[in-house]
Amino acid sequence: MSDLLRASQAAAELAARHLTGIRDHPVWQPVADDDRAWLSDQPLPASGRSLTELVEDVRTRILPYPMGNGHPGFFGWVNSPPSPAGVVVAPLSSALNPSCAGGEHAGVLLEHAVVRWLADLVGYPHAPGGGLLTSGASMATVVALASARQRAAADEGWDVREDGLSGRPAMVLYVSVEGHSCLRKAAELLGLGSRHVRVVPVDRELRMDVLALREMVASDRAAGMRPFCVAASAGTVNTGAVDPLDEIADVAAEHGLWFHVDGAYGAPGVLADGAADGYAGMARADSLALDPHKWLGVPVDCGCILVRDPRTTRDAFSLVPSYLRDDGAGDLGWLSEYGPEQTRPFRALRVWATMSYLGHDGIVGLVNHCARLARQLSTMVDGSGDFELLAPVTASITAFRHRPAGVPADRLDELNRAIPAVVQRRGRVFITGTRIAGIEALRACFVHPDTGVEDLTTLLDEIREAARQSSVDC
Ligand SMILES: Cc1ncc(COP(=O)(O)O)c(C=O)c1O
């Protein structure tokens, strides 16, 4: 048997055993000193090593130190476990190793199909060419805001690609306090200036305050600026809140704003039982970011930007030098004309496999399972006496804090801030923190199909234990 065949089989078996035995290991553990030295300081070998040896190194030195998100006790940030189907096909996309910039091959054709599937899944209107896969929502947001900027300039008779921004009225972007940092990063990258990113306040449910949005747009316009885009959230990263999308779409329509929706994490939440009304208006967006590598479980990396009118996005990015000319490309041209990347990986295979494996019903089942867990945890928090809920549960995130008896109110921030690191080091569950309405919070995000109710009990017990162990002097 060749080294390639033997090592490929060993790697596939290793991956499967890693995933099926995941509960036998800590969710996360600190890296041992000698492994840390091996991982970060090793020299490039003078001569090449066998594939079988490399797989063995992965087994002994790399697999013991996961980030933790494969484990059903991982509730940090928004990081899902890899779907089994995605894991199985990942080596095959590497074996083919195409660039999905364009051309006639399976990678490009499959990308068109899965982008359509994603749009259909969440009820977003799809026109051929109306979206592409990206590294994640951060890059999807760059594509969205660049498209918005292009349209705003074109509406006023200039070309931002040719003229740049200088000497023009400032373009203003509106995001809520709870909007993800990738929006500001994209605005900075596109030369809009963070000074021109307006932070709209939120209501008691942490949803964008539409009255305040209206007032801010009117005041900026009166001051001679060019309000050009409002970015709402369909599932904020802190609490899963869904902004009043329909009302925001009305404001956008009245003021000629591009309406972007960040559904990176939460867009699939529209599929949960009884959730659709809360997402009304999402289908009116000019662009929608949706990360298959979040709730759907497609192995990293895979984001997606969906756009209502593909022509604007093509106008914002298309640049076809003679060495990339393809006379057979058809009306849609190449995918690389719709975003900043030229060489593009074969992400579609992992999306196709993941979505085909689950099917529509399986995806709905996963979303409902996670939404139920978040609600169940909030019920447990409410009934506990030593925990407090900090936000309503909308998608699959529970935001709360620990309030053990005897800890004065002015020490709660310090205590809750200290808890995640202690919980993480104990290795039974993994939680991260944030600030919500000025308060230190713990948040548990549910995206794992194998998380069960018993994990919720463990989570609360681990937080209690971490509070006892923490160095905060209560
Ligand atoms: C709501 C939301 N938007 C955007 C992002 C950024 O996504 P990515 O990390 O894929 O770039 C995240 C990441 O967690 C998110 O939760």
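Modeller: Happy to; we'll go through ring pairs, salt bridges, a surface patch and the cysteines. This is a predicted model, so to speak of it plainly: local features need pLDDT of at least 70, side-chain atom pairs count only at pLDDT 80 or more, and totals for chains, interfaces and linings use all residues. Residues are numbered from 1 along each chain as its sequence is written, and side-chain values use heavy atoms, with hydrogens and water left out.

Colleague: Great, rings then. How many aromatic pairs does the structure hold?

Modeller: There are six aromatic pairs. Rings of Phe, Tyr and Trp (its six-membered ring) pair if their centres lie within 6.5 Å; planes under 30 degrees apart are stacked, over 60 edge-to-face, and the rest tilted. One of the pairs is phenylalanine 75 with phenylalanine 446, which is tilted, at 5.2 Å centre to centre and 55 degrees between the planes.

Colleague: Where in the chain do those two sit?

Modeller: In distant parts, 371 residues apart: phenylalanine 75 is in the loop between α3 (51-62) and α4 (84-96), and phenylalanine 446 in the loop between β11 (439-445) and α14 (453-469). Helices (H or I, at least four residues) and strands (E, at least two) are DSSP runs, numbered from the N terminus.

Colleague: Are phenylalanine 75 and phenylalanine 446 buried or exposed?

Modeller: Both are buried. Buried means under 20% relative accessible area, exposed over 50%, and partly exposed in between (1.4 Å probe, protein chains only).

Colleague: Which pair is stacked?

Modeller: Tyrosine 265 and tryptophan 295 are stacked, 5.3 Å centre to centre with 20 degrees between the planes. Both of these residues are buried too. Elsewhere, ring pairs link Phe74, Trp77 and Phe430 into a cluster.

Colleague: Switching to charges: how many salt bridges are there?

Modeller: The count comes to 32 salt bridges, where a salt bridge is a side-chain nitrogen of Lys or Arg within 4 Å of a carboxyl oxygen of Asp or Glu. Among them is aspartate 291 with lysine 294, whose closest N and O atoms are 2.4 Å apart. Both aspartate 291 and lysine 294 are buried.

Colleague: And which residue does arginine 347 pair with?

Modeller: Arginine 347 forms a salt bridge with aspartate 301, the closest N and O atoms being 3.0 Å apart. The two lie 46 residues apart in distant parts of the chain. Arginine 347 counts as buried because its relative accessibility is 2%, while aspartate 301 is partly exposed at 24%. Asp301, Glu341, Arg347 and Arg350 are linked in a network of salt bridges.

Colleague: What makes the nonpolar surface patch?

Modeller: Leu4, Leu51 and Leu54 make a patch of about 260 Å². Patches use residues with over 30% relative accessible area and no salt bridge, joining like charges within 9 Å and nonpolar side chains (Val, Leu, Ile, Met, Phe, Trp, Tyr) within 5 Å. Accessible areas come from the Shrake-Rupley method with a 1.4 Å probe; for residues, only the protein chains shown count as cover. Leucine 54 lies in helix α3 and is partly exposed, with a relative accessible area of 37%.

Colleague: Last one: how many disulfides?

Modeller: Zero disulfides, a disulfide being a pair of cysteine sulfur atoms within 2.5 Å. For cysteine 304, the nearest cysteine sulfur is that of cysteine 302, 7.1 Å away. Cysteine 304 is buried, with a relative accessible area of 0%.
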